[in-house]
Amino acid sequence: MASSSSTYRSSSSSDGGNPSDSAVTVDERKRKRMLSNRESARRSRMRKQKHVDDLTAQINQLSSDNRQILTSLTVTSELYMKIQAENSVLTAQMAELSTRLESLNEIVDLVTTTNGGGVDQIDGCGFDDRTAGINCDGYYDDMMMSGVNHWGGSVYTNQPIMANDINMY
C-alpha cells in the first residue's frame, strides 16, 4: 500500500499540484476504507453471533424434543410389557380352559353313550337312580324313567359343555 500511495503522490506532485493536498486525500481514503472495513467486520461478527444463537436455540429445541420422545418411548415400552404379560396369562388360561373343556366333553360323551346304549340309566355320579322310577306300589317302573332327566335339567346331554368367561384365578 505504501508503494501505491507513494506512486499516487508522485503522480500528483508531477502534475504540479500541492503535495500536502494529495497526502490529505490519500489519508482520507485510508481512513474511510478502515471505517468501512471495521463496519463490515462488525456486521460479520453480528451475523456470526446470530447464527450461533440460532444454533443454540435449535440445540435446546432438539434436546427438548428428544427428552419428550424418550419419555413417550419409555411409557410405550412399559405398556407393551404390561400387555405382553397379560397376553401370556390369557394364553395360559386359554390352554387350561381348553384342556378342561376337552375333558368335560369326553365325560359328556361317555355318559351319553352309556345312557343311550341300552344299559340301565345312571346319574352323573355313576349310581343307579332307581328312586326316580318307583311307583306308588314300591316297585320300579321303567315307563316312569323314560321322561326323567337325570341331570336335573341343568345340562343338556346332546350339547358340549362350554367354558364361560369367569376369571378363575
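Me: Among contacts between residues at least 6 apart in sequence, what share joins residues at least 24 apart?
Reply: In the protein chain of this predicted model, 43% of such contacts join residues at least 24 apart.

Me: And how many helices and strands are there?
Reply: The protein chain has three helices and zero strands. Along the sequence the pattern reads α-α-α.

Me: What percentage of the residues count as buried?
Reply: Of the 169 residues in the protein chain, 8% are counted as buried.

Me: Changing topic, how many salt bridges does the structure hold?
Reply: There are five salt bridges. One of them joins Glu28 and Arg31, with the closest N and O atoms 2.6 Å apart.

Me: Where do Glu28 and Arg31 lie?
Reply: Both belong to helix α2, which covers residues 19-116. Because Glu28 and Arg31 are three residues apart in that helix, about one helical turn separates them.

Me: Which residues are linked in a network of salt bridges?
Reply: The network links Glu39, Arg42 and Arg43. Within it, Glu39 pairs with Arg42, the closest N and O atoms being 2.2 Å apart.

Me: What about Glu96 and Arg100, how far apart are they in helix α2?
Reply: Glu96 and Arg100 are four residues apart, about one turn of the helix. Their side chains form a salt bridge at 3.5 Å, N to O. Glu96 is partly exposed at 33% relative accessibility, as is Arg100 at 43%.

Technical notes. Residues numbered from 1 in each chain as written. Predicted model: local features only at pLDDT ≥ 70, side-chain atom pairs only at ≥ 80, totals over all residues. Heavy atoms only, no water. Helix = DSSP H or I, 4+ residues; strand = E, 2+ residues; numbered from the N terminus. Buried < 20%, exposed > 50% of the residue type's maximum accessible area, 1.4 Å probe, protein only. Contact = heavy atoms within 4.5 Å. Salt bridge = Lys/Arg side-chain N within 4 Å of Asp/Glu carboxyl O.
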